Amino acid sequence: MTTHTDDRTPTDHGTGTVGYAPAHTPRLAWAEQAPEVFKAMVRLDAAARKGLDPKLLELVKVRASQINRCALCVDMHSKDALAAGESVERIVQLSAWEESEHFYTERELAALALTEAVTVLTDGFVPDAVYERAAAHFEEAELAQLIAAITVINAWNRFGVTCRLVPGHYQPGHK
Amino acid sequence: MTARTRLLDKSVAQAMSTLSAAAKRGLGDPALAELVVIRASQLNHCAFCLDMHLTIARQHGVPEKQLDLLAAWEEAEGVFDERERSALALTEAVTVLTGGTSQAFGSGGGSVPDEVYATAAKHFDETRLAHLVGLIVAINNWNRVMVSRRIPPGGYTA
């Protein structure tokens, strides 16, 4: 195993071969312990993505995962975004999208604002301005799907963070 | 208050219901399930969900004193047992991942503290714990879908 950083593979993470800290241990194999719950999540995920542009969906998923700090989900959806043809710089800028609006379309910006509002509910509600901005860019049925998709990534984030799932091993197309 | 939209794809709603039912079944404690669901709905300010689940909680015979003091459960000595308290602490941690600071998305909060997780793991075996987490996730789903669409309370009839 080389120590050259350019040769890193996902399996380097946590092995210490390149001087990184060790990987943490997952807390709970929730999908094995609650298979019916997992099955429902998979079905929900499939239902919520219907009718949504895959690239937009990945932007939404990466952003929600950043806000919720789900390492596994950031890993997975950044890679899925790249696999869907997304550019590196649009993924990199995502955590500061309000300051880098010219990287995104108005429609994407409206979706990102909605993503943040729906993700951070604990401070109260989804502001009218945010909802109306989204409603100006998405017709009603599509908007309902967008809300569902934001909800579903929040759900995966909660499982990932709570069960402390380990990032770094995901490969697009090998789910 | 009128709803912003009442649209919700049928297969999305069905999967959400299946998820909630599977989690609740696996937890195997309907009264505790309502405490968890109501507390998450308080944190997420979901009026529809509060109205619905307070009704259900009363049907399950959850004591009025617990419902009255749920929002301040940490300070309500003698009202909740240790198992309930561990479930409520986990509910809060899993629900408020962001730290609840809208002024600065991404600061504060973050992760589910080891102590919170370990305390819950003392009171629930892995299977029950996985379903408890599932239930917390499931109500967070409903909270998001109802609050975003601004579904008014009162629509639920037992």
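1. Basis. This is a predicted model, in which local features need pLDDT of at least 70, side-chain atom pairs count only at pLDDT 80 or more, and totals for chains, interfaces and linings use all residues. Residues are numbered from 1 along each chain as its sequence is written, while chains are lettered from A and ligands numbered from 1 in the order in which they are written.

2. Fold of chain A. Chain A has eight helices and zero strands, and its pattern along the sequence is α-α-α-α-α-α-α-α. Helices (H or I, at least four residues) and strands (E, at least two) are DSSP runs, numbered from the N terminus. Of its 175 residues, 43% count as buried. Buried means 20 or more other C-beta atoms within 10 Å of the residue's own, exposed means 12 or fewer, and partly exposed lies in between, with C-beta atoms placed from the backbone. Among contacts in chain A with a separation of 6 or more, 68% join residues 24 or more positions apart; a contact requires C-beta atoms, placed from the backbone, within 7 Å.

3. Helices α2 and α8 of chain A. Helix α2(A), residues 35-49, packs on α8(A) at an angle of about 150°, with the axes 8 Å apart. The axes are lines fitted to C-alpha atoms, for helices over the stretch in contact, and angles run from 0 to 180 degrees between N-to-C directions. The pair is therefore roughly antiparallel (over 145 degrees; under 35 is roughly parallel, 65 to 115 roughly perpendicular, and the rest oblique). From α2(A), the contact uses A:Met41, A:Leu44, A:Asp45, A:Ala48 and A:Arg49, and from α8(A), A:Gln145, A:Ala148, A:Ala149, A:Val152 and A:Ala155. By class, seven of these residues are nonpolar, one is polar and two are charged. Ala, Val, Leu, Ile, Met, Phe, Trp, Tyr, Cys and Pro count as nonpolar, Asp, Glu, Lys and Arg as charged, and the others, Gly among them, as polar.

4. Contact between the chains. Chain B gives 47 residues to the contact and chain A gives 46. On the chain B side, α1 (10-27), α5 (82-95) and α7 (126-149) each supply at least two residues. The largest share of that side, 17 residues, comes from α7(B). The side of chain B that touches chain A has 22 nonpolar, 20 polar and five charged residues.

5. Nonpolar core. The largest nonpolar core has 100 residues, and A:Leu44, B:Leu19, B:Val133, B:Leu135 and B:Ile136 have the most contacts inside it. Such a core is a set of buried Ala, Val, Leu, Ile, Met, Phe, Trp, Tyr and Cys residues joined through C-beta atoms within 7 Å. Leaving out residues up to four places away in sequence, B:Ile136 touches residues including A:Arg158, B:Val36 and B:Leu90. B:Val36 lies in helix α2 (residues 30-43) of chain B and is buried, with 27 other C-beta atoms within 10 Å. The C-alpha atoms of B:Val36 and B:Ile136 are 6.9 Å apart, although the residues are 100 apart along the chain.

6. Positive phi. Most residues other than glycine have a negative phi. A:Arg69 has a positive phi of about 55° and sits in the loop between α3 (54-68) and α4 (71-83) of chain A. A:Arg69 counts as partly exposed because 18 C-beta neighbours lie inside 10 Å. A:Arg164 has a positive phi of about 50° and is found in the segment after α8 (140-162) of chain A. A:Arg164 is also partly exposed, with 17 other C-beta atoms within 10 Å.

Notes. Two residues are in contact if their C-beta atoms, placed from the backbone, lie within 7 Å.
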